[in-house]
Protein chains: 2
Amino acid sequence: MEYERPIATVDIVTLTLKDGALHVALYPRAKPPFEGAHGLPGGYVHVDEDANLDAAARRVLRDKALLKGVYLEQLGTFSGATRDPRGWSISAAYVALLPQERIKGALLAKADPVPRKLPFDHGAIVKAALARVRSKSVYSTLPTFLMPAEFTITELRDVYRIVLGIEKIDLAGFRKKILDLRAIEPVEGKMRTGVHRPAQLYRRVVKDIALFDRTI
Amino acid sequence: MEYERPIATVDIVTLTLKDGALHVALYPRAKPPFEGAHGLPGGYVHVDEDANLDAAARRVLRDKALLKGVYLEQLGTFSGATRDPRGWSISAAYVALLPQERIKGALLAKADPVPRKLPFDHGAIVKAALARVRSKSVYSTLPTFLMPAEFTITELRDVYRIVLGIEKIDLAGFRKKILDLRAIEPVEGKMRTGVHRPAQLYRRVVKDIALFDRTI
DNA sequence: GGAATAGTGTCTCTAAGACAATATGGA
DNA sequence: TCCATATTGTCTTAGAGACACTATTCC
């Protein structure tokens, strides 16, 4: 026996750093339901063109001009009879991380506390995304995907501070850990200058995240 | 515009311990496709009776008489045009853990290496489930859900050894860590006897898993 | 020189790991 | 008594954290 098939969609929680806090990218909805309201980018799975859900998520990112080198991982699947007014629905949620300058045309809203009045269960999805990113950042180089192509160790340390909500992280210890992992490498001859000793610039060397033995 | 809706199913990777190794519960498929073959328990989402995917997963467990106190978590969602001969499909995969004596009527197959010739992409799903359970067991009390109601610390230590693939874990250090966490408590007056000093029996006290600061 | 941050070295202290010592019941 | 495992205690050592010290640039 065949059962009625649920609606199948993907939704992307695109997180970035702005003004020292995590922000989520929201876009106005072009069609009902919730037409005009700002929500997570997403949409129907296109069974004729998407090879799978990952491909559907990448297509959504492409439509928003968020393309190359974006960190993307499946967050979880949200479902139920009541989350979408159109009927029983399944939404595969993804988390994307990228530096702010890569995002154009989106409304960047503070991710914590989660913005009020998001459509569907997008509030719960953003909350889950934040929890995932925070817990994973404790023992991985996930926050490097929030950095621009080149960054100093101090800047990376500050991003860890923001993501993890830690008031201070000792720079000497942080430097040792992050360099021992060999997940970033110095960019030859490039320094960040200022009214102080110039700092070495680094870039991420691994495509995926690297894991620490312990915690940051 | 509405797109054609994919098939929506749930699949459960039920892991247990047997003969000192992780095993996965397989059941013969009653209907096509792959009728008669052994595969993961699962089935269509019933939009008329399931409140959401978690409820669908619990219904599948209930149908297999695996009911109370089963640890269940969403593993991830597997999808695509080709994984199911019936068409573009989405399967929400779940991991369930329970002690062997709770499982009746299933074929228990060694989970590592993954059994050959499983239907659909069930091989990949089992592989992902194993990876999830192993990585999470490093820093949590997840393996306690593989234990019967009462167990000794030595028995729990051995389960960690099996799940993590570690040849030896010092019992004294393990005892300290697991007791400090207060995730298990002694069962008053109950001891496991043998041809040696009797051992205190313990039971799990937390409903969910508890997390270690570091690793086992 | 002074200010500010980058980068290195060192000390302390905790905690993990190894392992010794003791406890207890059955044969 | 001995054997086997349970349970507790102790010693050593690696590593994290704190922080002092030096380096380098601009003013």
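Domain 1 and domain 2 of chain A bury about 1200 Å² between them, 77% of it on carbon and sulfur atoms. Buried area here is the accessible area, taken with a 1.4 Å probe, that two parts lose on being put together, summed over both. Leu17(A), Leu97(A) and Ser137(A) supply 41% of what domain 1 of chain A buries against domain 2 of chain A, more than any other three residues.

A word on the source. This is a predicted model, where local features need pLDDT of at least 70 and side-chain atom pairs count only at pLDDT 80 or more, while totals for chains, interfaces and linings use all residues. Residues are numbered from 1 along each chain as its sequence is written, chains are lettered from A, and side-chain values use heavy atoms, without hydrogens and water.

Now the bounds. Domain 1 of chain A runs 7-137 and domain 2 runs 142-204, as given by an automatic or database domain assignment. Their C-alpha centres lie 28 Å apart.

In contact terms, meaning heavy atoms within 4.5 Å, 15 residues of domain 1 of chain A meet eleven of domain 2 of chain A.

Last, the elements, which are DSSP runs: helices (H or I, at least four residues) and strands (E, at least two). Strand 1 (7-18), strand 2 (21-28) and helix 2 (122-137) of chain A each supply at least two residues of the side of domain 1 that touches domain 2. Helix 2 of chain A gives the most to that side, with four residues.
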